[in-house]
Amino acid sequence: MIARALVNYLEGVTAISDLVGTRIYPVRLPQKPTLPAIVYTQVAGPQIETLEGCVAHNPHFQIDCYSKNPLEAWTVADAVEGALNLFSGVMNAEEQVSASIKINREDIFEENVDDYRVALDFSIWHRAV
């Protein structure tokens, strides 16, 4: 499963784990989270199919990097971007990634929210090993 492989891969990148440890969550932050932290969400899941069956998956993930200050949120986002953008290879011995491509990066402002968030969008082409 690509989501599990993605989390295990991110937790194994020293530049990321030094900042967030294992605080990488699906879909949303827990209540009263320790920051900085990362939230990942699969926002699309296209795949290419042939008469022989599915041959390639291309899910799109949004990865949100949260912190109490913008500089730290940007630092976490830089670490995630450095680890994932243009990555290819085996991800956590489960998934063969042929290409991981950053689609977008933006700072997110939300009214009445004290945390800072940087959103990264990635397109990840993969198949099971």
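Reader: In which strand does S100 lie?
Author: The model is predicted, so that local features need pLDDT of at least 70 and side-chain atom pairs count only at pLDDT 80 or more, while totals for chains, interfaces and linings use all residues. Residues are numbered from 1 along each chain as its sequence is written, and side-chain values use heavy atoms, with hydrogens and water left out. Strands are DSSP runs of E with at least two residues and helices runs of H or I with at least four, numbered from the N terminus. The strand that contains S100 covers residues 95–108 and is β7.

Reader: Is S100 buried or exposed?
Author: Buried means under 20% relative accessible area and exposed over 50%, with partly exposed in between, for a 1.4 Å probe and protein chains only. The relative accessible area of S100 is 0%, and therefore S100 is buried.

Reader: Which residue has its backbone oxygen 2.9 Å from a polar atom of the S100 side chain?
Author: Contact means heavy atoms within 4.5 Å, and, leaving aside neighbours within four places in sequence, S100 is in contact with L84, N85, L86, F87, F122, S123 and I124. Among these residues, the one whose backbone oxygen lies 2.9 Å from that side chain is L84.

Reader: How many residues does the largest nonpolar core have?
Author: A nonpolar core is a set of buried Ala, Val, Leu, Ile, Met, Phe, Trp, Tyr and Cys residues joined through side-chain atoms within 4.5 Å. In the largest one, I16, I63, V80, L84 and M91 have the most contacts inside the core, whose residues number 30. The elements that give two or more residues to this core include α1, α3 and β8, and the core's size, to repeat the value, is 30 residues.

Reader: What is the angle between the planes of Y9 and F87?
Author: Rings of Phe, Tyr and Trp (its six-membered ring) pair if their centres lie within 6.5 Å, and planes under 30 degrees apart count as stacked, over 60 as edge-to-face and the rest as tilted. Y9 and F87 are 4.8 Å apart centre to centre and form a tilted pair, with an angle of 45°. Because Y9 lies in helix α1 and F87 in strand β6, the pair ties together parts that are 78 residues apart in sequence; the angle between the planes is 45°.

Reader: How far apart are the end C-alpha atoms of α3?
Author: The expected span of a helix is 1.5 Å times one less than its number of residues. The 15 residues of α3 should therefore span 21 Å, and this agrees with the distance between its end C-alpha atoms, 21 Å.

Technical notes: A polar contact is a pair of N or O atoms within 3.5 Å; within protein, one must be able to donate a hydrogen and the other to accept it, and residues adjacent in sequence count only if both atoms are side-chain atoms.
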